[in-house]
Amino acid sequence: KYMLQTSCYICKSNQHSSFVSIQNDLHNKTFTIVECGCGFFYLNPRPEEAAMKKYYNVVDYHPHSKGKGIIYSLYNFVQKITFRSKYKALRKYLKKDINHLDYGGGDGRFSKYLNSHGTISSTCYDPYFDNSDSIDLHDRSFNAITLWHVLEHVYDLDILFKDIERLLSNSGKLFIAVPNINAMERKYFNNHWAAYDLPRHLYHFSSESLEKLLTDKG
């Protein structure tokens with residue numbers, strides 16, 4: 001498959017410098033993150049969109065997989081803890097009934113968790129998950145949309161933000177979590193930092209670049 005050259009999504013510049021190159025051993029390919037002059041880091045070149053699915057269809061990609069053993073048990077244990085903290089984050093900003101969309105929510109576990117709480121109605125949508133429920137988002141409106149470690153995966157951010165603008169109610173809240181390219185542990189783990197996750201992570205945000213993006217999107 002062809003690799004596509006791309007420009008910076010935030011400032012549209014084609015000027016960049018190489019930041020780090022990392023080998024994906026499973027697919028025997030090397031991928032490079034570049035740094036734009038505006039401070040944004042992104043994968044360049046990147047696979048064609050149609051080729052991305054094969055990088056998700058691997059047995060050790062935990063958000064899309066089920067299994068046994070210590071690693072899976074640990075993943076599920078941590079996931080339950082994070083579900084509770086995410087629920088608290090929603091409740092901090094939305095006191096009344098919550099109509100929630102978990103965009104990119106994998107197998108829908110977070111939505112199922114929220115639906116066990118009486119005053120929340122949660123829907124999961126994930127374009128990359130084979131077994132995701134086929135749902136019609138036409139004419140739907142949500143007062144909470146979550147992108148938990150999703151933004152860095154989305155191939156076409158224009159489509160994503162158009163969807164959010166259409167689906168989020170005027171008084172609604174958008175919750176975003178992404179890896180931080182300036183995290184201390186990145187320097188410690190070097191090329192083995194898990195949050196690089198190439199090529200599934202197309203963008204690598206700092207708090208500054210994320211703020212630039214969200215300001216630009218209004």
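Phenylalanine 40 and tyrosine 42 are both buried (under 20% relative accessible area; exposed is over 50% and partly exposed in between, with a 1.4 Å probe and protein chains only). The model is predicted, so local features need pLDDT of at least 70 and side-chain atom pairs count only at pLDDT 80 or more, while totals for chains, interfaces and linings use all residues. Residues are numbered from 1 along each chain as its sequence is written, and side-chain values use heavy atoms, with hydrogens and water left out.

The structure holds 14 aromatic pairs. Rings of Phe, Tyr and Trp (its six-membered ring) pair if their centres lie within 6.5 Å; planes under 30 degrees apart count as stacked, over 60 as edge-to-face and the rest as tilted.

| Pair | Centre to centre | Angle of planes | Class |
|---|---|---|---|
| Phenylalanine 40 and tyrosine 42 | 6.0 Å | 25° | stacked |
| Phenylalanine 40 and tyrosine 203 | 6.2 Å | 15° | stacked |

The pair with tyrosine 203 links distant parts of the chain, 163 residues apart: phenylalanine 40 is in the loop between strand E3 (29-36) and strand E4 (41-43), and tyrosine 203 is in strand E10. Tyrosine 203 is buried, as is phenylalanine 40. Elsewhere, ring pairs join Phe83, Tyr93, Phe110, Tyr113, Trp148 and Phe175 into a cluster. One of these rings, that of phenylalanine 110, has the charged end of lysine 86 over it, 5.8 Å from the ring centre. The charged end of lysine 12 sits over the ring of tyrosine 9, 4.2 Å from its centre. For this, NZ of Lys or CZ of Arg must be within 6 Å of the ring centre and within 35 degrees of the ring normal.

The loop between E3 and E4 also holds cysteine 38, which is partly exposed with a relative accessible area of 24%. Cysteine 38 lies 27 residues from cysteine 11 in sequence and 6.9 Å from it in space, C-alpha to C-alpha. Beyond its neighbours within four places in sequence, cysteine 38 is in contact (heavy atoms within 4.5 Å) with Cys8, Cys11 and Lys212.

The protein has 5 helices and 10 strands; these are DSSP runs numbered from the N terminus, helices being H or I of at least four residues and strands E of at least two. In helix H3 (residues 157-167), the buried residues are Leu157, Leu160, Phe161, Asp163, Ile164 and Leu167. They fall within an arc of 155° seen down the axis, so they line one face of H3; the arc is that of the directions from the helix axis to the C-beta atoms. The face turned away from this buried side carries exposed Lys162 and Glu165. The buried residues of H3 pack against strands E6 (98-103), E8 (142-148), E9 (168-177) and E10 (203-204), and against helix H5 (207-216). At the start of H3, a side-chain oxygen of aspartate 156 comes to within 3.1 Å of the backbone nitrogen of aspartate 158.

Asparagine 24 belongs to strand E2 (residues 16-24) and is buried, at 13% relative accessible area. Its side chain reaches the backbone nitrogen of leucine 26 at 3.2 Å. Leaving aside neighbours within four places in sequence, asparagine 24 contacts Lys29, Phe31, Tyr55, Leu198 and Pro199.

Of the 218 residues of the protein, 45% count as buried.

Technical notes: A polar contact is a pair of N or O atoms within 3.5 Å; within protein, one must be able to donate a hydrogen and the other to accept it, and residues adjacent in sequence count only if both atoms are side-chain atoms.
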